[in-house]
Amino acid sequence: MAPEEVIKNFIDGEWRDCSSGKRIEVDDPSNGETVAVIAEAGPEEVHRAVAAADRVFRDRVLIDMHPYDRGRMLFRVADALEARSDEVAIINCIETGKALDLARGEVRTAVRYLRYYAGLADKLEGRSIPRGADLVDYTVRSPFGVSAQIVPWNGPLELTARSLACAIATGNSVVVKSPELAPLSGIELARACETAGLPAGAVNVLTGYGQTAGQALIDHPDVRHIVFTGSMATGRTVLKAAAERIVPCIMELGGKSAAVVYSDADLDAVVEAVRIGTYLNAGQNCNNLTRLLVERSIADETLERVKACVEGLSIGPGRENCDITPLISQKQREGVERACQMALSQGARLVTGGTALSERSGYFMAPTVFADVAPDSSLFQKEVFGPVLSVTAFDDPIKGIELANDTDQGLAAGVFTRNIDRALWSADRLWAGQVYVNGWYVGGVETPFGGVKQSGYGREKGQEA
């Protein structure tokens with residue numbers, strides 16, 4: 001894709017430039033070079049997109065369509081996306097910096113979401129309620145209307161697909177605000193919707209900044225449903241705006257997920273979980289494994305094995321399928337560096353890494369492990385969103401669970417043990433939206449996903465979405 005080509009926003013079935021003439025440059029995180037230029041959507045584009053989506057809702061274009069036919073539309077979107085899967089994966093890899101194989105997996109998962117919810121479209125039923133003679137009482141599942149969906153940059157294709165597919169399957173119309181750091185995947189999904197012949201206005205995809213396009217979208221009086229994935233700080237802003245108009249929201253606000261490792265754990269499984277759970281996509285995953293809580297009797301051995309694994313990870317561009325790929329931006333890397341410096345100042349012991357790899361072009365950060373991380377420290381409590389693991393020892397199972405639950409967030413958690421009773425006991429007590437046993441990222445498209453506490457509320461994925 002030539003950088004000089006201005007990519008437009010998808011509004012009401014057409015590709016439209018922005019009225020302001022402003023542009024967003026998209027760079028390759030592995031080298032900082034501009035790879036695309038996109039028209040920057042602002043309040044006027046938001047108004048046009050919402051008006052189109054609201055028209056589709058008020059004209060009952062999707063509502064009156066047989067649910068089976070809504071499902072068939074989503075199957076066509078999936079087919080269109082799959083037909084260009086290699087090209088889309090390369091685009092996703094370049095704009096996010098992630099490994100090419102991981103980008104290919106993101107395309108496959110996006111296709112799966114589309115087909116999963118396509119298959120559910122004609123299976124969502126109400127129920128009848130007996131009320132005695134002369135009364136007929138029944139429930140109907142009704143769409144909200146215009147669903148505003150604000151998507152993060154770490155999984156832009158997959159996360160757009162999962163919320164968009166839910167909305168269309170249930171008769172809602174959609175306005176997506178793609179992330180300005182990685183907008184091209186959302187554009188590719190819009191192209192798939194265009195190819196599939198979705199009604200004009202049913203799906204609209206905009207790229208703009210949060211403080212302009214995002215704010216205009218959540219403030220719009222015709223938006224009746226909000227799906228947001230992002231930081232707690234931005235999530236609070238979204239919720240305040242939604243509260244003014246009593247708009248229902250699905251909020252996924254990140255995590256500080258812990259794995260509790262007991263003395264009988266399979267350490268090969270623990271190390272593999274760290275390799276994937278902590279360092280995949282340079283640690284830029286909301287439910288990644290950020291805190292390793294290890295029973296003291298095996299803490300030293302576990303730490304040595306984790307260190308050996310981490311120091312053996314390859315570092316380089318995503319298109320070379322390296323283990324450690326770049327962070328999304330210079331600003332993101334600077335934030336991770338500050339978190340490491342804060343950890344040192346608060347008494348954590350640096351085991352490996354801890355610095356930016358400034359000798360490389362792009363936004364690379366060394367894979368990092370800290371030990372002896374205190375429960376009241378920032379590294380233990382606050383999301384870093386980078387390739388950084390904190391390790392803390394505990395003395396008994398109850399303390400391990402207490403440490404795991406001792407944060408404001410609760411998106412995911414894990415437990416490692418060969419004892420099934422202990423695994424179930426722990427899973428029941430870990431306060432998180434998902435609990436993994438002897439692995440990480442083992443949930444699927446079919447598994448409901450969301451958090452507790454300040455990780456948010458509502459569920460995406462699975463039938464619950």
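This is a predicted model: local features need pLDDT of at least 70, side-chain atom pairs count only at pLDDT 80 or more; totals for chains, interfaces and linings use all residues.
User: Which residues of helix 3 are buried?
Analyst: V88, A89, I91, N92, C93, E95 and T96 are buried in helix 3. Buried means under 20% relative accessible area, exposed over 50%, and partly exposed in between (1.4 Å probe, protein chains only).

User: And what covers them?
Analyst: The cover on the buried residues of helix 3 includes strand 4 (23-27), helix 2, helix 4, helix 5 and helix 6. Contact here means heavy atoms within 4.5 Å.

User: What span should helix 3 have?
Analyst: Its twelve residues should span 16 Å at 1.5 Å a residue, and the end C-alpha atoms are 16 Å apart, which agrees. The expected span is 1.5 Å times one less than the number of residues.

User: Helix 2 next. How far apart are its end C-alpha atoms?
Analyst: They are 24 Å apart, in agreement with the 24 Å that the 17 residues of helix 2 (residues 67-83) should span.

User: Which of its residues are buried, and what covers them?
Analyst: The buried ones are R70, G71, M73, L74, V77, A78, A80 and L81. Their cover includes helix 3 (85-96), helix 4 (100-120), helix 5 (156-169) and helix 6 (184-196).

User: Why would residues three or four places apart in an α-helix point the same way?
Analyst: An α-helix has 3.6 residues a turn, so residues at that spacing point the same way.

User: Change of topic. How many helices and strands are in the chain?
Analyst: There are 14 helices and 20 strands. The radius of gyration is 23 Å, close to the 23 Å from the globule rule for 465 residues, so the chain is as compact as a globular protein of that length. That radius is taken over C-alpha atoms, and the rule is 2.2 Å times the number of residues to the power 0.38.

User: What share of the residues is buried?
Analyst: Of the 465 residues, 55% count as buried. For contacts with a separation of 6 or more, 72% are between residues 24 or more positions apart.

User: Which residues does I226 contact?
Analyst: Leaving aside neighbours within four places in sequence, I226 contacts A148, I218, V238, A242, V247, P248, C249 and I250. I226 lies in strand 9 (residues 223-229) and counts as buried at 0% relative accessibility.

User: Is I246 buried or exposed?
Analyst: I246 counts as exposed, at 67% relative accessibility. It sits in the loop between helix 8 (232-245) and strand 10 (249-252). Phi of I246 is near 55 degrees, a positive value in a residue other than glycine.

User: Where is D372?
Analyst: D372 is in the loop between strand 14 and helix 12 (378-381). It is not a glycine, yet its phi is positive, about 55 degrees.

User: Last one: where is T355, and what does it touch?
Analyst: T355 is in the loop between strand 13 (349-352) and strand 14 (368-371). Not counting residues up to four places away in sequence, T355 touches M365 and A366. It is partly exposed, with a relative accessible area of 44%.

Terms used
Residues are numbered from 1 along each chain as its sequence is written. Side-chain values use heavy atoms; hydrogens and water are left out. Helices (H or I, at least four residues) and strands (E, at least two) are DSSP runs, numbered from the N terminus.
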